[in-house]
Amino acid sequence: MKDNLIQYILGIADNSLILGQRLGELTGHGPAPEIDIAITNISLDLFGQVRSYFQYAAQLSDKDITEDDIAFLRTEREYVNVLLVEQPNTDFGYVITRQFLFDQFHYLLLSALQQSTDATMAAIAKKSIKEVSYHKRFSADWMKRLGDGTKESNQRVQQAVNDLWGYTNELFMLTDADKQAIAEGIGVDVTLFKKEYYENVAAILEEATLEVPTQAFFQKGGKEGVHTEHMGYLLADMQYMQRTYPGMKW
Amino acid sequence: MSEKEIKNLEEIFDQKIARDEKIEPKDWMPEKYRQTHIRQMSQHAHSEIVGMLPEGNWISRAPSLRRKVALLAKVQDEAGHGLYLYSATETLGVSREELYEQLHSGKAKYSSIFNYPTVTWADIGAIGWLVDGAAIINQVPLCNTSFGPYARAMVRVCKEESFHQRQGYEIMLTLSKGTKAQKEMAQDALNRWWWPSLMMFGPTDDKSTHTAQSMKWKLKRKTNDELRQQFIDQTVPQAEILGLSIPDKDLKWNEERKSYDFGEINWDEFWQVVKGHGPCNRERLQTRVNAWENGAWVRDAAMAYAEKNAERKIKKAV
């Protein structure tokens, strides 16, 4: 049961870890300092959440491990984030679209997770949802600005929506760990709000004068540890110090 | 305005500064005062923004989650400092776009220290400890400078900088208590950052062109050499606690002066970097220009959207 809970925690926390890492790559390179600050802030929030989740997972583990062992010392196949969050920072349109598609999901997930029978998970969700409601507003506002801004911004963000759309369905796939956590009352059945998610997303896209993609082909694999080719490079970067100088304190 | 009237205004202005009263944006000020402040404040703002890059270089590779969060927050603080300082500079009647243009064209300068590369994790510690340490010594007197918006911005900036400095020192302390590889990494970083940090105080007093005027306007309260000495005297004991050695064979305590004597700074290197030929000058500037140019369509979209929204509101009201 404990092992399953750890696996369930990773399924949630790895998304924040990898998205936080992607956003951290952008610090200092944003279109304006105000945007830089906001994106860095989201990255900080996500890493803060990761630390709460991983500290809890480390505490549950029978092994003598820390949050950093979980964050930095797994193999690529052991990370269970969805493919969406590992997609690269192609341009600001992709950054915002990736954020938007994830935030809308993240908010619904945390809303439900607050009712978890596991007190720690419920507490983390309660703290995090305040942050994520800000992320959600930020990304939705930018979807509208880019969609309903200039012709160029509309085309760019539409391209990003079309390209990233295929990664949304994976958000709603249940792993074995999810199913067991749901049965125990700890986990959230994300399939229950899939319809609501797509309705919310469509409403904002429509307001942003963007088209809702109609494609029916979706990618999956992240939740089972089968990632896109981008992931290896992200991890090589992220794990560099821990791999080069094993066992040291920083 | 007649010459007499100008003279009268100048007198009032000088008296205000002598009484330690603040000059506010709407007050009359000599044109040279305005220009000097635009130059120095924007240079300071640019330094914050360019200064995000060498440290940003290690965000994705920070060795632990705790260090990653602290580094993200630090670099974010620098963006915030850049913003206050640009805003404070704008009160002198120059737009942010003009200021960016001056940076991107190479007309405006920023602190040369950011033209050195961050090659190991220890550099993040060394920058916090030495570079922020030197910056604080340079900047604390500015909290009392004569131009109000600058002085107020600096109060907040200095508080955050002193936090960064402690954070940097703590990274160095952890490394110095660590393995052989970590100690070597720390010593190597000190070796590379020591001399450029001393150069942050600018040329020696006899070569400094702006000192006299800046002293009068309280843009400076101590000379470059005095500040440099203060930095050295403060930092040497800190290095001793770390068990690291300062890379200066001439460094010696002078009992008579109650200060450290130190070796000759390589001024050729100083001028080479100032003139744009340091290890990273080209790259830093190009990165800023790229960020700005790649972001043009985003800023345009935000403007267009704001205009459309304003129109929609008017239509609704009608």
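Axes here are lines fitted to C-alpha atoms, for helices over the stretch in contact, and angles run from 0 to 180 degrees between N-to-C directions. With that in hand, helix α1 (residues 2-24) of chain A and α5(A) pack at about 150°, their axes 12 Å apart. This is a predicted model, where local features need pLDDT of at least 70, side-chain atom pairs count only at pLDDT 80 or more, and totals for chains, interfaces and linings use all residues. Residues are numbered from 1 along each chain as its sequence is written, chains are lettered from A and ligands numbered from 1 in the order in which they are written, and side-chain values use heavy atoms, leaving out hydrogens and water.

**α1 against α5 in chain A**

- Helices (H or I, at least four residues) are DSSP runs, numbered from the N terminus.
- α1(A) and α5(A) are therefore roughly antiparallel to each other (angles over 145 degrees; under 35 is roughly parallel, 65 to 115 roughly perpendicular and the rest oblique).
- Contact means heavy atoms within 4.5 Å, and on the α1(A) side the residues include A:Y8, A:I12 and A:L19, while α5(A) brings A:F102 and A:L109, among others.
- By class, that contact has 8 nonpolar, 4 polar and 2 charged residues (Ala, Val, Leu, Ile, Met, Phe, Trp, Tyr, Cys and Pro are nonpolar, Asp, Glu, Lys and Arg charged, and the others, Gly among them, polar).

**α2 against α5 in chain A**

- Helix α2 (residues 33-60) of chain A also packs on α5 (residues 92-113) of chain A, at about 40° with axes 13 Å apart.
- That makes α2(A) and α5(A) oblique to each other.
- Among the residues meeting here are A:I35, A:L46 and A:Y53 from α2(A), plus A:F92 and A:L110 from α5(A).
- This contact splits into 9 nonpolar, 3 polar and no charged residues.

**Where chains A and B meet**

- Chain A puts 47 residues into the contact and chain B puts in 46.
- Together they bury about 3900 Å², 70% of it on carbon and sulfur atoms (buried area is the accessible area, with a 1.4 Å probe, that two parts lose on being put together, summed over both).
- A:P33, A:L44 and A:W250 supply 17% of the area chain A buries against chain B, more than any other three residues.

**Salt bridges**

- A salt bridge is a side-chain nitrogen of Lys or Arg within 4 Å of a carboxyl oxygen of Asp or Glu, and there are 3 between chain A and chain B.
- One joins A:D148 and B:K308 (3.1 Å, N to O).
- Over all chains, the structure holds 31 salt bridges.

Key. Helices (H or I, at least four residues) and strands (E, at least two) are DSSP runs, numbered from the N terminus.
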